[in-house]
Amino acid sequence: MRTHPSGSLLRRLPRLFLLLGAFSLVAASCGDDDDTSAATDAASGEEATGSGAAASGDFGDLSIQFGWIKNAEFAGNYMADSFGYYTDEGFTSVELLGGGPAVDPIAPLIAGDALFSYAASEQVAAAVTNEDAPLVIIGANFQDNPFCILYDNSAPLTSAEDLVGKTIGVQAVNEPVWQAVLEANGLEEGTGPDQVARIPVEFDPAPLMTGEVDGFFSFVTNEPNILRTEHDLDVDCLMVGDIGVNLFQQLYVTTQDNLDTNFDALVAAMTAEVKGWQHAFADPEEAERLTLEVYGADLDLPVESQALELRDQEELITAGDTAENGIFTMSEQRITENVELLNSLGFDVTEELYTNAVLDAVYADGTQLYEE
């Protein structure tokens with residue numbers, strides 16, 4: 001699970017929100033020093049203050065807004081920053097802006113404080129539908145939906161039919177996804193023997209540990225690994241993507257104006273992203289070290305679960321057609337499926353919300369950008 005610096009069991013989940021700030025369209029800008037990650041000396045693990053020698057600085061400063069705290073979820077960014085891939089692509093400096101439970105990753109885009117943000121499908125769809133936000137999705141970090149229903153293996157939930165007669169803990173902000181699971185599988189919520197009971201929970205999976213619920217809504221990369229490593233529990237997951245709700249997640253989101261006027265900067269930034277994640281896959285030990293000792297050093301992150309999170313993320317990132325088309329690319333079929341599912345949840349979005357134009361430019365000469 002995503003672990004809050006205080007140690008409480010929290011994690012970033014989609015929410016409806018009010019977008020704040022005036023719409024100022026720039027490629028990047030300075031942020032709070034506490035949220036800044038300068039280029040890092042890969043050999044020593046100490047943060048450096050200068051930019052890479054190979055950088056031309058043509059694109060100026062780069063700011064990227066995370067959707068959550070600086071844990072293993074963004075290990076590819078740490079590799080890209082630490083090994084100078086952003087500066088190699090022409091950025092003068094790099095700011096990796098940490099997120100958290102109170103941080104809206106969309107607002108910095110609208111305010112012009114980030115070139116792109118990581119955000120959830122429901123967050124983007126809500127901003128477009130409710131606020132007419134001029135957003136564009138230029139890639140999907142998670143090809144498969146990381147949401148799952150976590151269960152104890154002493155009472156497994158291996159299909160949608162297994163949910164009947166069971167009690168599932170669902171967070172309030174995840175109600176849209178929960179309702180989509182019910183609708184996709186013809187299930188009815190209620191307390192009867194042929195229904196699925198829902199109990200409101202927070203983000204601490206204690207109700208599953210105590211037996212209050214039979215299943216618990218979570219990310220496959222987070223809560224399950226915490227329970228396995230920190231509590232020695234035998235748990236597993238029923239992936240919601242396997243039962244009809246396979247939304248893209250961890251989206252790369254920018255504004256239409258950035259796409260129109262800062263296209264080359266987006267291509268450069270996403271090129272560095274690809275190199276960083278491919279490097280993380282090739283050297284997960286270094287990616288884990290940077291997470292624990294440098295970028296997330298002040299968060300007291302659980303060591304064992306971070307390694308497992310990196311492993312699980314690779315499966316989500318490299319799923320689908322990415323072996324052929326490159327990581328983060330979005331197939332026409334999956335885009336259509338995502339739009340239809342979001343429409344069924346009441347969001348007014350179309351296929352025009354998604355574009356592979358930036359990644360097409362990134363992969364113009366091939367999909368393997370990192371070279372060992």
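Keep in mind that the model is predicted. The largest nonpolar core takes in 111 residues, and helix H9 is its top contributor, with eleven residues.

**The nonpolar core**

- Val-124 and Leu-135 have the most contacts inside the largest nonpolar core.
- If you click on Val-124 and skip its neighbours within four places in sequence, you'll find it in contact with Ile-106, Ala-119, Leu-135, Ile-137, Leu-251, Val-253 and Leu-353.

**Thr-271 on helix H9**

- Helix H9 covers residues 263–282, and Thr-271 is found in it.
- Thr-271 has a relative accessible area of 11%, so it counts as buried, the cut-off being under 20%.
- Again leaving aside neighbours within four places in sequence, Thr-271 is in contact with Glu-89, Val-362 and Leu-369.

**Helix H1**

- H1 runs over residues 75–82, and eight of its eight residues are buried, so the helix is largely enclosed by the rest of the structure.
- The buried set is Ala-75, Gly-76, Asn-77, Tyr-78, Met-79, Ala-80, Asp-81 and Ser-82.
- Just after H1 comes Gly-84, which takes a positive phi of about 80 degrees.

**H10 against H11**

- The crossing of H10 with H11 is right-handed.
- On the H10 side, the contact uses Pro-284, Ala-287, Glu-288, Thr-291 and Leu-292, while H11 brings Val-303, Gln-306, Ala-307 and Leu-310.
- Sorted by class, the contact of H10 with H11 has six nonpolar, two polar and one charged residues.

**H7 against H11**

- H7 and H11 make a right-handed crossing.
- H7 puts in Asn-225, Ile-226 and Thr-229, and from H11 come Glu-304, Ser-305, Leu-308, Glu-309, Arg-311 and Asp-312.

Key: Residues numbered from 1 in each chain as written. Predicted model: local features only at pLDDT ≥ 70, side-chain atom pairs only at ≥ 80, totals over all residues. Heavy atoms only, no water. Left-handed = near helix turned anticlockwise from the far one by under 90°. Helix = DSSP H or I, 4+ residues; strand = E, 2+ residues; numbered from the N terminus. Contact = heavy atoms within 4.5 Å. Nonpolar A, V, L, I, M, F, W, Y, C, P; charged D, E, K, R; others polar. Core = buried A, V, L, I, M, F, W, Y, C linked by side-chain atoms within 4.5 Å. Buried < 20%, exposed > 50% of the residue type's maximum accessible area, 1.4 Å probe, protein only.
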